[in-house]
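Subject: Structure handover

Hello,

Here is the structure I promised to pass on. Please open it first, then read my notes beside it.

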Amino acid sequence: MTESSRALGRSALFAEAGRRGVGEGRLLAYAICSILAITWTLLAGKDVPWDALHYHVYAGYSVFNERLTVDLFPAGTQTYLNPYSHVPLYLMVDARWPAVAIGVSFALMQSVMLWMTWELARVVCRRQGGNSSGIVVWAAVAFALLNPVFLQALGSSFNDVTTGALALGGYVALASAFVGGRLHLVALGGALLGAASALKLSNATFALLPAIPMVVGCVSTPRRRVRALLTFAVCAGIAVIAVTMPWSMRLERAFGNPFFPMLDGLFRASDAATPKSQPESSPWQLLGQLVAGMRDPRFLPSSLTEAFARPFDMLSARRLIHTEPSSPDLRYAALVMLAMLGVVAWGARRRWKSAATAISSQSNRAYACLVISLAASWVLWLSISGNSRYFSPMACIAGVLLVVGLHRLLAPAPQRILIYVLAVMLGMQIVFLWQTRDLRWGPQPWGGQWLQVNVPPHLQLEPQLYLPLDSQSQSFLLSWLAPGSAFLGVASGIGPDGFVGSRARALIDANLSRLRMVKLVREFESDGKPSRLVPANIDYPLRRFGLEIDPKDCEYIKYKGNSEAIERADLRAGLRNEIQLYACRVVPGGRLSPLELGSKRVAEQVLDDVEDACVELFGQHRRGSSTRSGNIWRRTYGSDLALWVTDGGLIWFEDLLRGGGDRIAIGRTDDWLKAPQKINCWRKGGRAYVEFEQN
């Protein structure tokens, strides 16, 4: 054997040993990440968030049971979103798995996000010799794990992490493509990001579109860049179609619109989409309305100053900054500081001609493109949402960029300096987490099944058409109710007119002898029994269809839930973690009186004028229909703002999320009917303000 052949044999042997070492290290890393995720889930406790009861369980249920022609808006507009990511939840709940088993299963699935963070950090900090710094890789994983938004979702039914793991896997594939410009990895990245976008729409805006710099940067010539973009687009498109098509076909058969209820005016599937009194909108206008409808003002900055300050605002342990619970996070502020220090260090190194880092050129390019992708995603995110749950994959990328950036910045110094800096930052993040108590959305103790429901035998045997009267649909109950039961979401704003209204009336007429409303019991008497039901305070959605509640025929459905849903419970009744629902018979007979119809017309006119005077706050959701609640006519905008007119003639405004219960009177109906009044409206610090100017 020649010397050269022996050298080749040794090289092949070392390469094989290297691959085996990486494979063994990967399995160990994955195991550690999963163990950490499962441990946290068991310590934090069971989490059954509001959304799980509202539509997560129902979404999975609807995949295996034909509901589109049976129910109508049973879980609001979320009913018609792609449901496939919620299939695991439904299958486990339907099989009556113990709560611990479901929590551990979710933790295992969601730990894939940590796996992908490990992979991405390993690729981006790869040295010239092909190996990566273990300190950097594991620090990136630690930052991903200590993200409070990630911990709040870990072990629960939110699909932000499970679908986000697919999106992050797409970025791992694209980052790996920088070594050799391998187009098959670009194709894989497109397919993963496309599938993630089809399963959750926010991934398309905040992960798929910002990945374009990665696609362009992984190859070096214009011709190969065009090929890479085409490959990425085709594979992403195929994945989107493959994942979306089955559900879209079902929507098309049921409603004549594969995206129902979105773009309904474009498909002309319903005459409710565009009132005849208004001019028809062009397809581009409808598309613009769809994009505008996606904007959620709750967490959006109200000025450029607030936008630039957002990374530092996220250091606070206050709630409702970038998601509903308290979620302090130092990574984004640290990235801003790192960028400033990086500019200074770059200038100093150029002047003194310091030695460059040992990171490979491909990893340097991948790092630079990841920075551009994160910046693009950040701008889109702050323009449309600002909710960090939808930013989950990019949040992991932010941690990777922070740690690798520190590694590059401190490369000339001894490695212990990097270790000290990372230890201090991770310690600070742990302190931030310790300051918050909002680490579960709907906390419950482990034990028993994930959902513990008690339905009266009568309702388990006889099918009913249920009419939910709360914003939370309680649609998860269908698995416990009699076969043939259905839900009609009248509380979601369905009226008796138009395409949707005609379907609602047909559903009601076909079930007149078996109608029941569902309403959360919020108040209890001292003996522990639900407070007396007052139909007049809640029955407006029913009376629009000529229905009324029979308070003498009520059943009670019970399930274990978050006691915060109860507004008032007498102390003598003791602490409660059991939620109860009224399930009362609904019969024909209720009507809106002429007096109510007259007061509604007045309220609609006045609230229209208020909206016109305050486009800054209400421009996105104007001209909604007012609903009757007790002695007021009310409009709610998104989930954070409300206007209402009392029967006494006063107009009120409230910021429901951040207002702290403050209600602001903005004039009297008589004055607004004479002439529009002067009000000042603005947002600051996420809160909405309305100031009434006395004439």
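This is a predicted model: local features need pLDDT of at least 70, side-chain atom pairs count only at pLDDT 80 or more; totals for chains, interfaces and linings use all residues.

M517 belongs to β7, along with L515, K519, R516, V518 and L520. The strand covers residues 515–520. Is β7 enclosed or open to the outside? Six of its six residues are buried, so β7 is largely enclosed by the rest of the structure. The side chains split into two sets. L515, M517 and K519 point one way, while R516, V518 and L520 point the other way. Both sets are buried.

Now look at the partners of β7. On β11 (residues 578–588), six bridges make the link, and the two strands run antiparallel. With strand β5 (residues 465–468), there are four bridges, and the two run parallel. Here P468 stands opposite V518 of β7.

**The whole sheet**

Strands of a sheet pair through backbone hydrogen bonds, either parallel or antiparallel.

In what order do the six strands of the sheet lie? The order is β4-β9-β11-β7-β5-β6. The sheet is open, and its pairing is mixed. At the edges are β4 (453–454) and β6 (486–487), each pairing on one side only. Follow β11 to its other listed partner, strand β9 (residues 547–560). Eleven bridges join β9 to β11, and these strands run antiparallel.

Next, the helices. Two packed helices are described by the angle between their axes and the distance between the axes.

Take helix α18 (residues 392–409) and helix α19 (residues 415–435) first. Their axes come within 10 Å and cross at roughly 150°. Therefore α18 and α19 are roughly antiparallel to each other. Their crossing is right-handed. On the α18 side, the contact uses L402, V403, L406 and H407. On the α19 side, it uses L418, V421, L422 and M425. By class, that gives seven nonpolar residues, one polar and no charged ones.

Then take helix α17 (residues 361–384) with α18. These axes also come within 10 Å, and they cross at roughly 135°. That makes α17 oblique to α18. The crossing of α17 and α18 is left-handed. From α17, the contact includes N364, Y367, L370 and V371. From α18, M394, I397, A398 and L401 are among the residues involved. The contact of α17 with α18 divides into nine nonpolar, four polar and one charged residue.

**The residue Y61**

Last, go to helix α2 (residues 50–64), where Y61 lies. Is Y61 buried or exposed? Y61 is buried, with a relative accessible area of 11%. The cut-off for buried is under 20%, so Y61 qualifies.

Which residues does Y61 touch, leaving aside neighbours within four places in sequence? They are R67, Y90, L478 and S479. Also look for D94. Y61 and D94 are 33 residues apart in sequence, and their C-alpha atoms are 8.7 Å apart in space.

Best wishes

Terms used. Residues are numbered from 1 along each chain as its sequence is written. Side-chain values use heavy atoms; hydrogens and water are left out. Buried means under 20% relative accessible area, exposed over 50%, partly exposed in between (1.4 Å probe, protein chains only). Contact means heavy atoms within 4.5 Å. Axes are lines fitted to C-alpha atoms, for helices over the stretch in contact, and angles run from 0 to 180 degrees between N-to-C directions. Angles under 35 degrees count as roughly parallel, over 145 as roughly antiparallel, 65 to 115 as roughly perpendicular and the rest as oblique. A crossing is left-handed if the near helix is turned anticlockwise from the far one by less than a right angle, and right-handed if clockwise. Ala, Val, Leu, Ile, Met, Phe, Trp, Tyr, Cys and Pro count as nonpolar, Asp, Glu, Lys and Arg as charged, and the others, Gly among them, as polar. Two strands pair if DSSP finds at least two bridges between them.
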